[in-house]
Amino acid sequence: MTTAEQNRRLAWKGASAERKPQPPDNLGRIYIPDRVLGWIIPVTVLLVWELLARLGMLPPNWLPAPTVVGQTLYQLAVAGDLLKHAGTTIARVALGFLLGATAGTLAGALTGYLPIARKMLDPTLQALRSVPSIAWVPLFLLWLGIEESSKIALISLGAFFPVYLNLSVAMRHVDPKLLEVGKLYRLSSFQMVRRIILPAVLPEYIVGLRSGLGLAWMFVVAAELLGASSGIGYLMVDGEMTGRAAVILASVILFAVFGKTTDWMMNAIGRRLLGHRAR
Amino acid sequence: MDNRGFAQRGSVDIQIAHKAFAGSKGPLVALKDILLTIDPGEFVCVVGGSGCGKTTLLRIIAGLETDYEGAVFLDDKQLSGTGLDRGVVFQEHRLLSWLTVHDNVGFGLAGLTPQERSQEDRSRDIRHYITLVGLDEFEYEYPHQLSGGMSQRVAIARALVGRPEVLLLDEPFASLDALTRMRMQQEILRIWQAERTTVVLVTHDIEEAVYLADRVVVMSPQPGTIRNVLPVRLPRPRDRTDREFVRLRRSVHDELFAPGATAHLVADNF
């Protein structure tokens with residue numbers, strides 16, 4: 001490189017360095033990272049809420065202060081109630097989800113793989129799906145009694161449909177061009193499923209599992225509100241009966257935390273399974 | 001049957017009387033009276049416009065289309081269905097996005113039992129073909145990390161790993177950019193010379209056909225028939241600007257656009 005060229009390069013570099021990168025101008029001239037932005041509203045609401053409660057401007061039996069809700073949670077934990085109720089609810093969700101997702105997987109795989117099974121089963125399942133699931137509650141109670149079975153059945157039903165639908169549709173939409181590659185290399189039906197179809201449907205299947213898990217949490221609330229002697233839903237009803245708003249709010253927080261945590265776990269498992277694929 | 005295939009394997013004898021697809025207004029005749037004999041180790045390009053049945057012809061040889069009148073023989077043995085004696089490369093790479101380059105190439109052996117091909121043999125063959133297509137450094141990358149040309153190289157390695165006698169390519173470079181396409185054309189010649197397989201390559205690019213082939217099979221549509229077979233006796237590597245090369249390109253072009261031929265062609269080279 002000649003000296004003239006080097007000089008030109010330096011001059012050019014200098015020119016570009018003079019233009020400083022502009023920070024994202026989101027609040028006037030103050031720069032706030034995006035992660036912090038999301039916290040502004042909830043923290044402000046909590047602070048205002050706490051302040052109003054402390055000033056006696058909110059009726060404590062309707063809307064207790066956040067710190068009171070926190071204390072209630074702590075007391076529940078110390079007394080062992082938290083572990084008992086949360087444990088019951090988590091067990092219900094786990095069992096219901098396991099049953100529902102398994103049934104959804106089997107039905108989805110069957111209808112996705114065999115067109116004849118889809119033609120026979122899918123209309124019925126779609127018709128059943130259009131019934132609001134809570135509408136099954138009286139029947140479940142009549143058949144299975146007020147004990148665990150009816151709750152588990154309701155949760156399973158909630159988890160079933162998203163898993164079934166996602167898997168069935170995904171299996172039907174596996175790229176026929178990839179299946180042709182399998183045919184070219186003379187894969188058996190079993191190898192086709194294991195080596196092409198299953199990996200191909202995995203992303204949609206995981207989406208189905210995640211929505212199924214979300215619905216399982218929704219349905220456990222319904223099941224426990226409708227009649228239970230333990231569980232976080234029962235805690236809510238108990239809070240309502242005894243006029244303790246703090247217990248109800250604490251239960252809401254517990255549902256939010258558990259729901260979010262299990263969803264995050266499922267997502268992490270999914271990401272691990274999908275590994276290095278292009279998004 | 002002739003016995004030209006005795007010295008080397010990979011002779012293809014195509015005798016297709018009739019191939020039709022079901023259309024909304026009755027059957028559509030895709031191929032009619034196709035008679036073609038390909039010598040072992042020969043490089044044949046099939047050129048024609050869209051709808052001339054050239055892809056259907058390739059799919060019949062591959063064993064992906066089995067519903068037709070006629071027969072295809074490989075080394076005097078009648079073919080039925082797909083088999084590892086033929087390797088296929090499509091226009092799209094058709095790689096499995098969840099497998100590495102290594103495993104995608106190995107997929108070409110997925111239908112073989114461990115008795116038919118041992119684990120060590122598999123690894124050795126996979127490595128061999130990854131090296132042959134020049135992707136050593138990318139053995140453990142995933143398809144989305146590869147360029148179009150690299151993906152097509154993986155597809156070629158996958159097609160070859162079962163050590164086929166015939167390599168079938170269906171417009172393999174059509175979706176690549178012009179420079180990559182020219183490089184891949186040189187590459188496929190190099191691979192062909194290294195492997196000594198018979199090659200049938202379908203294309204709509206006249207220059208590509210003349211550059212690559214020992215013989216250019218010109219097809220015309222409705223119904224798909226062989227219009228002419230033109231031998232290319234130029235030595236390789238061929239010069240695309242050579243007088244004889246240009247003359248051959250012109251004669252393939254004339255053959256395609258001759259009166260009666262209704263092929264729609266990409267003829268921007270003229």
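Biologist: Leaving aside neighbours within four places in sequence, which residues is V200(B) in contact with?
Modeller: This is a predicted model, where local features need pLDDT of at least 70, side-chain atom pairs count only at pLDDT 80 or more, and totals for chains, interfaces and linings use all residues. Residues are numbered from 1 along each chain as its sequence is written, while chains are lettered from A and ligands numbered from 1 in the order in which they are written. Contact needs C-beta atoms, placed from the backbone, within 7 Å. For V200(B), that gives I38(B), V44(B), V46(B), L58(B), I61(B), V166(B) and L168(B).

Biologist: How many residues has the largest nonpolar core?
Modeller: Such a core joins buried Ala, Val, Leu, Ile, Met, Phe, Trp, Tyr and Cys through C-beta atoms within 7 Å; buried means 20 or more other C-beta atoms within 10 Å. C45(B), I61(B), V200(B) and V216(B) have the most contacts inside the largest core. Its count is 74 residues.

Biologist: Which helix gives the largest share of this core?
Modeller: Helices are DSSP runs of H or I, at least four residues; strands are runs of E, at least two. The largest share is 6 residues, from chain B, 148-160. That is helix α4.

Biologist: Which strands stand at the edges of the open sheet in chain B?
Modeller: The order is β6-β7-β8-β3-β9-β10, with mixed pairing. Pairing takes at least two DSSP bridges. Each edge strand has a single partner, so one side is left without a neighbour in the sheet: β6 and β10.

Biologist: Which residue stands opposite C45(B)?
Modeller: In chain B, β3 (43-47) and β9 (215-220) pair in the parallel sense over 4 bridges. The residue opposite C45(B) lies in β9(B): V216(B).

Key:
A residue is buried if 20 or more other C-beta atoms lie within 10 Å of its own, exposed if 12 or fewer, and partly exposed in between; C-beta atoms are placed from the backbone. Two residues are in contact if their C-beta atoms, placed from the backbone, lie within 7 Å.
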